[in-house]
Amino acid sequence: METIITKQLYELALAKIDELLPQVNDKTPLDDPKCVELCHYSDIVEFYEKEYFPIPVLSFSEAIEQRLKEEKMTKKSLAEKIGISPSRISDFLSKKAEPSLSQAAAICKVLKIAPAIAMQF
């Protein structure tokens with residue numbers, strides 16, 4: 001049987017989590033009633049947020065674009081730092097080409113992108 005999580009239940013769970021968090025810490029036993037209750041409400045929030053507020057997984061090219069914006073870095077600057085042409089960066093971003101493993105590793109290092117994102121091709 002599937003449990004239906006409503007917005008009302010979600011909001012109640014958020015309020016209960018706020019109430020319980022100050023009462024539970026790393027030393028609280030997992031079978032403590034407050035810890036069990038906190039886990040229950042956390043599960044409700046997690047389920048609801050996965051359903052209604054999913055976090056999209058970025059492709060490597062999207063991650064590169066996002067990090068370039070965040071770092072206020074140009075494609076040319078990135079290209080210079082990893083020793084390739086700016087047009088090659090453009091090819092990666094438009095998905096006309098894929099970076100080699102060493103290029104992907106260099107991009108990840110310069111832009112501080114998790115390597116696992118680069119391996120999604």
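User: Are tyrosine 10 and tyrosine 48 buried or exposed?
Analyst: Tyrosine 10 and tyrosine 48 are both buried. This is a predicted model, in which local features need pLDDT of at least 70 and side-chain atom pairs count only at pLDDT 80 or more, while totals for chains, interfaces and linings use all residues. Residues are numbered from 1 along each chain as its sequence is written, and side-chain values use heavy atoms, with hydrogens and water left out.

User: What makes tyrosine 48 count as buried?
Analyst: Its relative accessibility is 8%. Buried means under 20% relative accessible area, exposed over 50%, and partly exposed in between (1.4 Å probe, protein chains only), so tyrosine 48 counts as buried.

User: Why is the pair of tyrosine 10 and tyrosine 48 called stacked?
Analyst: The rings lie 4.2 Å centre to centre with 20° between the planes. Rings of Phe, Tyr and Trp (its six-membered ring) pair if their centres lie within 6.5 Å; planes under 30 degrees apart count as stacked, over 60 as edge-to-face and the rest as tilted. The pair of tyrosine 10 and tyrosine 48 is therefore stacked. Tyrosine 10 is in helix α1 (residues 7–20) and tyrosine 48 in helix α2 (residues 33–52), so the pair ties together parts 38 residues apart in sequence. Helices here are DSSP runs (H or I, at least four residues), as are strands (E, at least two), numbered from the N terminus.

User: What makes the pair of tyrosine 48 and tyrosine 52 tilted?
Analyst: The ring centres are 4.5 Å apart and the planes stand at 35°, so this pair is tilted. Both residues lie in helix α2, four residues apart, about one turn of the helix. At 48% relative accessibility, tyrosine 52 counts as partly exposed.

User: Which residues form one aromatic cluster?
Analyst: The cluster consists of Tyr10, Tyr48, Tyr52 and Phe53.

User: How do you know that α3 meets α6?
Analyst: Contact means heavy atoms within 4.5 Å. Phe60, Ile64, Arg67 and Leu68 in α3 meet Ala104, Ile107, Cys108 and Leu111 in α6.

User: What sets lysine 95 and lysine 112 apart in phi?
Analyst: Most residues other than glycine have a negative phi. Lysine 95 has a positive phi, near 65°, and lysine 112 has a positive phi, near 55°. Lysine 95 lies in the loop between α5 (86–93) and α6, and lysine 112 in the loop between α6 and α7.

User: Why is lysine 95 called exposed?
Analyst: Its relative accessible area is 57%, which is over the 50% limit, so lysine 95 is exposed. Lysine 112, at 65%, is exposed by that rule too.
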